[in-house]
Amino acid sequence: MARINLKHIRHAYNARAKAAGDYALKEVHHEWADGGAYALLGPSGCGKTTLLNIISGLLHPSDGRIEFDGVDVTELSTEQRNIAQVFQFPVVYDTMTVFDNLAFPLRNRHVPEAEVQRRVAEILEMIDLGGMAKRRAQGLTADQKQKISLGRGLVRSDVNAILFDEPLTVIDPHMKWVLRSQLKRLHRQSGFTMVYVTHDQTEALTFADKVVVMYDGQIVQIGTPAELFEKPSHTFVGYFIGSPGMNVMPVAVEGSSARIGDQVIPLAGAPKVGVGGKIELGIRPEFIRLGREGMPVHVNKVEDIGRQKIVRATFCGQSLSIVVPEDDEVSTEARITFEPKAIGIYADSWRVGTEG
Ligand code: ADP
Ligand code: MG
């Protein structure tokens, strides 16, 4: 188990990309706590697998270094770093039995056979393959193979960290949910540092204590699910977490208020905005009050999603989503107010602090 420090990591896949400044990872500099359960969340192509492979040692970063518990491991192999990794696509030894597939990492490390038997049986139970121990892996279904792959990642009890790269992709939704709860339980029991890569926010929010949001080769926020929801540090986080995502609109900031068109929106304090650059106001659909008071909006569409309605409206030429209780009557010409505490001001997409 280890604390992981990523120090000024950058990565370009080849010399041409490097010369063009085209980095798959731009500047990753963070500390991940020992024993933490982290989800690495972001859209396809944002650099999740690249970062995971740099942590495990499959990939050497172009710049920067990695430390486990303060020890520089940048030049060490995955084996030397003592890391277990589960890949997006199942890696299974077809000619071996299910049992032997799981036992492999243990026997490889000369773990006593009695311990191998005990540990493998325990993990087989957990991944729901208890009855299949003696079967050859060849001919098993894709999701059974994926479970074997997952089991092999979990079987050792002496690793520094376990890294999962979208490990449940081919598993059906119900089993996904079951396995995720199992992983969470295992995390609580073992105290392993776990990093779980996914592009699915539900998966990230249910697995992790801390969610690491990546966008365009950068980590844009690390926080609890509540922090990501309530105080997105970047407009991308606001957009990516929650459904519908945060509303973002260009504004001009004057003291403790924001101006858009001929409307003035009071803020909770004066934001520290720099001169120039793009200034935007972010507000979640849940924190807009729709009624008879405030600024005028034109309602275009109302979508009933069960206990709530999503109102799609136009406000000062901008599209706006508003979430209201199911029973609310919504008229075409309505008025809105923003909860000042729920407003974020963003300069060049990053949230800026407020004074006062
Ligand atoms: P993710 O896992 O978030 O989908 P990746 O880390 O796989 O993203 O990819 C990040 C970026 O690096 C993408 O633009 C991708 O095209 C590029 N990339 C990934 N692997 C390679 C590679 N082996 N060679 C060149 N470019 C790559
Ligand atoms: Mg990937």
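In which sense do strand β4 and β5 pair, and over how many bridges? Strand β4, residues 63-68, pairs with β5 in the antiparallel sense over two bridges. Strands count as paired if DSSP finds at least two bridges between them; strands (E, at least two residues) and helices (H or I, at least four) are DSSP runs, numbered from the N terminus. This is a predicted model, in which local features need pLDDT of at least 70 and side-chain atom pairs count only at pLDDT 80 or more, while totals for chains, interfaces and linings use all residues. Residues are numbered from 1 along each chain as its sequence is written, and chains are lettered from A and ligands numbered from 1 in the order in which they are written.

The two strands belong to an open sheet of four strands, ordered β2-β1-β4-β5 with antiparallel pairing. Its edge strands are β2 (25-32) and β5 (71-72), each pairing on one side only. Phenylalanine 68 stands opposite valine 71 in β5.

Helix α2, residues 48-56, packs on this sheet and touches β1 (4-11), β2 and β4. Contact means that C-beta atoms, placed from the backbone, lie within 7 Å. The direction of α2 makes about 125 degrees with that of β1; axes are lines fitted to C-alpha atoms, for helices over the stretch in contact, and angles run from 0 to 180 degrees between N-to-C directions.

Further along is helix α4 (residues 98-108), followed by histidine 110, whose phi is positive, near 55 degrees. What covers the buried residues of α4 includes α5 (113-126) and α6 (142-154); buried means 20 or more other C-beta atoms, placed from the backbone, within 10 Å of a residue's own.

Conventions: Two residues are in contact if their C-beta atoms, placed from the backbone, lie within 7 Å. A residue is buried if 20 or more other C-beta atoms lie within 10 Å of its own, exposed if 12 or fewer, and partly exposed in between; C-beta atoms are placed from the backbone.
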